Amino acid sequence: MAQPSSKSPANDSRIDFEGELNAEQYSAVTSLEGPHLVIAGAGSGKTRTLVYRVAHLVLQGVHPESILLLTFTRRSAQEMLRRAVGLLDERCHRVSGGTFHSFANITLRRYADRLGYSNSFTIIDRADCVDMIGILRTEGGYERQGRRFPRAETLLNLFSKEINTHRPLEELLEADYGQFVDDLEAIRELRKSYAERKREHNVMDYDDLLVNLRDLLAEHPVARRQLTSTYRYIMIDEYQDTNRLQAHIGALLAASHRNIMVVGDDAQSIYGFRGANFRNIIDFPQIFEGCETLLLEQNYRSTQPILDLSNAVLEKAREKYTKRLFTKLEGDEKPVLLRTTDEYTQAEYICEKVLALREEGVSLQDIAVLCRAAWHTNSLELELNNRNIPFKKFGGIKFVEAAHIKDVCALLKIGVNPLDAAAWFRILQFFEGIGPKTARGLADGVVADGGALGSLVAPKVAKRKYGADLASLKGLLDKISKPRQPLVERLDTTLETYQLWMPKKFDDTPRRVRDLEALAVIAERYSELEEFLTDLAIDPPDFSRPAAVSGADNEDEWMTLSTVHSAKGLEWNTVFLVQMNMGRFPGYNSLQDADDYEEERRLLYVAVTRAKRRLYLIKPEEQKGRGGYFEVAELSPLISEIDRLNQLVDDETYAPAPEEDDWQGDGSTAASADQLKRIQDYFG
DNA sequence: GGGAATGCGTTTTTT
DNA sequence: ACGCATTCCC
């Protein structure tokens with residue numbers, strides 16, 4: 001389809017825009033100048049609209065480089081541009097696209113000096129931030145005399161929320177952590193030293209990327225002029241999940257030319273916990289006067305019964321949303337509300353159903369199991385493994401957050417920079433006999449020696465039970481710290497040694513080794529460690545584990561297990577929604593606050609609108625309660641409060657056939673009883 | 001007595 | 001997988 005890229009005239013007719021889009025989509029695609037707000041319901045062809053608009057802009061003679069497409073994940077940006085290339089031609093690959101964070105990363109490298117950073121700044125992930133705050137917290141002696149002081153993680157949450165929601169620290173403390181109101185001053189102090197420490201180390205966390213980009217645009221007119229003349233057409237996807245800071249950045253980018261189109265769905269805002277506010281959508285016309293608003297309400301994804309349920313989910317919302325979905329798709333299969341005895345029968349049912357669907361010719365690729373929290377599918381994963389049904393899991397603990405991946409990264413960091421105290425602190429505790437205190441001492445020793453490793457094998461240390469481990473650590477670091485080694489070579493050497501250490505520490509070494517192999521594959525694309533780590537932080541691989549089980553023949557066919565959050569924007573023929581119980585979905589912790597509860601409702605809306613033809617809401621009648629033992633579970637209030645529920649879903653119960661007792665009545669029972677008695681007589 | 005290991009209970013969601 | 005509390009070891 002990609003044709004030799006001869007310059008096409010503006011009236012190129014290879015694409016029949018009018019025929020391939022509905023009236024609203026067409027209008028969004030062909031409006032060029034000025035501010036536009038597109039409110040696009042679930043499955044209304046939002047992505048299609050953006051893809052066609054990119055193609056249309058390019059056909060109109062707009063330079064691809066001057067189009068900026070900001071999306072929620074880098075993957076969705078790539079996917080859109082890939083589709084635009086398919087629709088038009090290679091020029092669409094030159095469109096600038098990515099997440100706010102990746103765009104900030106690229107931009108800030110160019111302007112780092114104006115903000116007082118060097119352009120080789122590194123990006124630290126959440127765990128690194130927590131470590132850094134933890135160290136400052138100890139250093140500052142904040143935890144005096146048994147007085148409770150917020151944990152490092154709590155502090156990070158506070159700082160981050162303050163930045164992303166633009167609410168003062170004081171107010172946040174009062175709202176969520178009343179017990180620490182007295183510590184306000186100390187917390188402010190710590191916030192300041194955290195900011196300073198990051199500057200000293202030339203690192204930025206996720207929030208710094210956004211704050212610095214905003215400051216660059218707001219306070220450096222020259223940079224702003226350069227950027228706004230480079231990016232002439234701004235498009236922002238998933239606008240309902242942007243926070244105040246991101247909205248500000250978007251507005252500043254479009255300040256001079258006002259060519260900005262934001263696309264989103266207020267009913268699908270599910271990142272409030274991260275500071276996102278769907279009011280950004282509602283308020284957009286206030287910021288950009290004369291903004292044209294377009295509404296995409298026709299759904300091209302789901303059958304009417306699924307949409308009926310989706311609309312019903314929103315009906316009880318405290319706040320009305322801007323639209324209501326309809327479809328022309330045929331189909332009369334109602335969603336099923338399926339009751340199983342417990343979590344295990346839930347897993348069993350899904351497996352049986354999946355196998356049956358596969359018999360009918362439904363590919364595993366068309367099936368997804370969605371959950372509120374990643375651990376909700378734990379027992380299902382076991383059952384799928386038992387039955388050799390291949391799956392991939394998305395969401396939850398990420399690949400890059402796993403202990404073994406972090407260990408290897410720490411080793412690589414030290415190889416390149418032996419003064420990286422945080423990396424030392426981490427890797428030293430890998431070894432038996434070394435805890436926080438010893439690690440601290442050893443790390444300080446190396447840093448004090450200017451990065452020389454001699455202190456690791458000093459006689460005093462060598463005598464300890466971890467002496468040999470440290471010698472082996474030094475051996476590895478000596479090898480990988482030689483300059484001018486390609487990253488892959490350093491990584492290979494590291495993995496070789498690390499794998500020898502693993503069995504002493506982990507029960508499941510083989511699985512972890514597979515993760516490390518995946519890491520090695522990713523690393524092949526990079527030559528610089530810094531670049532590799534930056535990309536891992538900004539655009540982490542989003543699967544938690546490589547596809548589980550099964551023969552190599554199945555490797556390209558697997559079903560999806562995913563958190564609802566990670567399922568955003570995706571769709572499947574058949575969707576199972578698990579654990580539809582009070583306490584699970586919604587979780588207990590969202591019952592206190594009405595806003596949190598409303599977000600759970602939108603989350604359920606996102607979940608049900610992922611399904612094209614078949615939807616199963618599964619409700620175990622018992623679940624593990626607080627004591628760890630099974631208790632009767634209530635149906636999720638998000639479901640039970642729906643009016644005329646029984647008209648919208650088929651209410652079914654799954655009763656697995658009881659296991660047949662082959663032994664009964666054939667005489668062998670008696671024989672085995674006799675045998676048991678003899679065994680007991682012998683062994684006592 | 002300091003520091004590490006072990007065991008237990010609990011588990012949002014993520015750039 | 002992690003925090004927290006208790007137990008164990010040097």
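Asp 596 lies in helix H25 (helices, H or I with at least four residues, and strands, E with at least two, are DSSP runs numbered from the N terminus). At 36% relative accessibility, Asp 596 counts as partly exposed. The cut-offs for this term are as follows: buried is under 20% relative accessible area, exposed is over 50%, and partly exposed is in between (1.4 Å probe, protein chains only). The C-alpha atom of Asp 596 is separated by 9.8 Å from that of Ile 270. Along the chain, Asp 596 and Ile 270 are 326 residues apart.

The model is predicted, so local features need pLDDT of at least 70 and side-chain atom pairs count only at pLDDT 80 or more, while totals for chains, interfaces and linings use all residues. Residues are numbered from 1 along each chain as its sequence is written, chains are lettered from A and ligands numbered from 1 in the order in which they are written, and side-chain values use heavy atoms, with hydrogens and water left out.

Backbone geometry is considered next. Most residues other than glycine have a negative phi, and most peptide bonds are trans. The peptide bond from Phe 585 to Pro 586 is cis, with omega near 5°. Pro 586 is found in the loop between E16 and helix H25 (594-608). Asn 388 is a residue other than glycine with a positive phi, near 55°. The loop holding Asn 388 runs between helix H16 (378-386) and strand E13 (391-394). Asn 388 is partly exposed, at 44% relative accessible area. Arg 484 also has a positive phi, near 60°. Its place is in the loop between helix H21 (467-480) and H22. Arg 484 is exposed, with a relative accessible area of 82%.

Charge pairs follow. Side chains of opposite charge can pair when their charged atoms come close. The whole structure contains 44 salt bridges (a side-chain nitrogen of Lys or Arg within 4 Å of a carboxyl oxygen of Asp or Glu). One of them joins Lys 406 to Asp 125, with the closest N and O atoms 3.3 Å apart. Lys 406 lies in helix H17 (residues 403-416), and Asp 125 in the loop between strand E4 (122-123) and helix H6 (126-139), so the pair ties together parts that are 281 residues apart in sequence. Lys 406 is buried, at 14% relative accessibility. Asp 125 is buried too, at 15%.

Lys 612 pairs with Glu 571 in a salt bridge, the closest N and O atoms being 3.6 Å apart. This pair links distant parts of the chain, 41 residues apart. Lys 612 sits in strand E17 (residues 611-620), and Glu 571 in the loop between strand E15 (559-563) and strand E16 (572-577). Lys 612 is partly exposed, with a relative accessible area of 28%. Glu 571 is partly exposed, at 37%.

A salt bridge within one helix joins Lys 192 and Glu 196. Their closest N and O atoms are 3.7 Å apart. The two residues are four apart in helix H9 (residues 184-200), which means a separation of about one helical turn. Lys 192 is exposed, at 55% relative accessibility. Glu 196 is partly exposed, at 37%. Elsewhere, a network of salt bridges links Lys 46, Asp 237, Glu 238, Asp 241 and Lys 568.

Surface patches were also computed. They are made of residues with over 30% relative accessible area and no salt bridge, like charges being joined within 9 Å and nonpolar side chains (Val, Leu, Ile, Met, Phe, Trp, Tyr) within 5 Å. Accessible areas come from the Shrake-Rupley method with a 1.4 Å probe, and for residues only the protein chains shown count as cover. Lys and Arg count as positive and Asp and Glu as negative, with His and the chain ends not counted. The place of a charge is taken as NZ of Lys, CZ of Arg, CG of Asp or CD of Glu.

Glu 489, Asp 492, Glu 496 and Glu 524 form a negative surface patch. Asp 492 is in helix H22 (residues 487-505) and is partly exposed, at 40% relative accessible area. Leu 676, Ile 679, Tyr 682 and Phe 683 make a nonpolar surface patch of about 520 Å². Ile 679 lies in helix H28 (residues 668-683) and is partly exposed, at 38% relative accessibility.

A search of the whole structure finds zero disulfides (pairs of cysteine sulfur atoms within 2.5 Å). Cys 92 is buried, with a relative accessible area of 0%. Cys 291 is buried, at 15% relative accessibility.
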